[in-house]
Amino acid sequence: MSIGERVKQIIRSVGPGFIVASAALGPGSITVASRIGSVYGYAFLWVIVVAAISMVAYTSMSLRFGISHERSILQQIAVTYGRWFSVVIGICAFLSASSFQFGNNLGIGIAMEGITGVDERVWPFIFTPLGMLLVFRAGNLYKILEKLMMGMVMIMILAFLFNLILARPDMGQVAQGFVPKSFSLGDLDVVAALVATTFVLNGALYQSYLAQDKGWKIADAKKAQNDTYMGISLLAIISALVIITSAAVLNPLGIVVNSAADMALQLESLFGRYAKVIFSFGLCAAAFSSLMVNAVMGGGLLSDGLGLGRSMNEKMPKLFTVVILLVGMLIAVFFKGNVVYALILAQASSILAVPLIAIGILLIVNRKTVMGKLKNGKLQNTLAILGFLLICVMVYFMYAKIISFIRFL
């Protein structure tokens, strides 16, 4: 087989991994990575590797269920442990997706303003209807998402790689950043924030649905695993590119980034408008891909959790997906005054889904009557438990911030 044919075969085999990566990497993730690079330099690059390993562990478990069952994982949870469990996970996933849509819409607006100069509040009115059109008019929504998200991920990589080349980082310092170092308890919130950019449990859970929609079976296990590894690796690489660029360019100057827009403006001041435009293309790809897939995941998981259908081509998942798209657009455009409070309350409710999803996946894949020979082994459970501890740290610090913010209000 020639190299060209091999590349074509690899491209044809990918899909779910790229979709999950697209959902995880939105404007919020880019903002976190930009800020951490500007404040801490390369010091926390190793956290991305830890988060990626944890994401691989849970995504692989979900994938194994998907390729070995016709029934969805939430349906199996409902049958095995009770409908209440799947309902709670579905509701929390829906709330989480709805709250994240605000940031995705803002990201699209900021990015398109950086590219075109047209006011950022115009763009949600264009991209949200476009997303709704895809949801309702697509004959096979999975196939469209697969190809579209593959393109979005490639745009992100090229855009952020271009800015990295301009930044000319010290590769010795970059390498040192991937070596775990001691850190204070006060830096645990930084670790939690960075873990959250890569270790996304909603995406891990939805991998089983995507594998089923792809039509993969046990015979496709190796191909499916390779796709998972590739997708999560690309997710981690993109986060690392943003951190390294910010660390190389902004950290030495003492410039602190508070948003993706700040990152774009600083790149413009240092390298010219074309650097800002290139970064904005990457940000737009991240925002639109996350806007689409995040809504599809939230709508699908709520519908399936309630027992109303699980396929992206069924009526109820589409309706719930459109609700998420509309909520994100309306909050971003009209409710500026109360948006922070609304997001805090939504996030306070939805964050319960994080440990619940982890527990649900772990319980199912360790049940021999359900998984048979594909039941978790010792190494898989060890990685899963370590990942769960990371989740607990992340949830603790997110709750602490939510509570302190509500008290401040």
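I note here that the model is a predicted one.

I next checked the length of helix 8, which covers residues 141–167. Its 27 residues, at 1.5 Å a residue, should span 39 Å, and the end C-alpha atoms lie 38 Å apart, so the two values agree.

**Helix 4 and helix 12**

I recorded that two packed helices are described by the angle between their axes and the distance between the axes. For helix 4 (residues 45–68) and helix 12 (residues 221–249), the angle is about 155° and the axes are 10 Å apart. An angle over 145 degrees counts as roughly antiparallel, and helix 4 and helix 12 are therefore roughly antiparallel to each other. Their crossing is right-handed. I listed the residues in contact, among them Leu 45, Ile 48 and Met 55 of helix 4 and Ala 221, Tyr 229 and Ile 232 of helix 12. The contact residues comprise 15 nonpolar, 5 polar and no charged.

**Helix 13 and helix 14**

I then turned to helix 13 (residues 260–271) and helix 14 (residues 273–305), whose axes come within 6 Å and cross at roughly 155°. That angle makes helix 13 roughly antiparallel to helix 14. I noted a right-handed crossing for this pair. The residues that meet include Met 263, Leu 267 and Phe 271 in helix 13 and Tyr 274, Phe 279 and Leu 283 in helix 14. Of the residues in this contact, 10 are nonpolar, none is polar and 3 are charged.

How values were computed. Residues are numbered from 1 along each chain as its sequence is written. This is a predicted model: local features need pLDDT of at least 70, side-chain atom pairs count only at pLDDT 80 or more; totals for chains, interfaces and linings use all residues. Side-chain values use heavy atoms; hydrogens and water are left out. Axes are lines fitted to C-alpha atoms, for helices over the stretch in contact, and angles run from 0 to 180 degrees between N-to-C directions. Helices (H or I, at least four residues) and strands (E, at least two) are DSSP runs, numbered from the N terminus. Angles under 35 degrees count as roughly parallel, over 145 as roughly antiparallel, 65 to 115 as roughly perpendicular and the rest as oblique. A crossing is left-handed if the near helix is turned anticlockwise from the far one by less than a right angle, and right-handed if clockwise. Contact means heavy atoms within 4.5 Å. Ala, Val, Leu, Ile, Met, Phe, Trp, Tyr, Cys and Pro count as nonpolar, Asp, Glu, Lys and Arg as charged, and the others, Gly among them, as polar. The expected span of a helix is 1.5 Å times one less than its number of residues.
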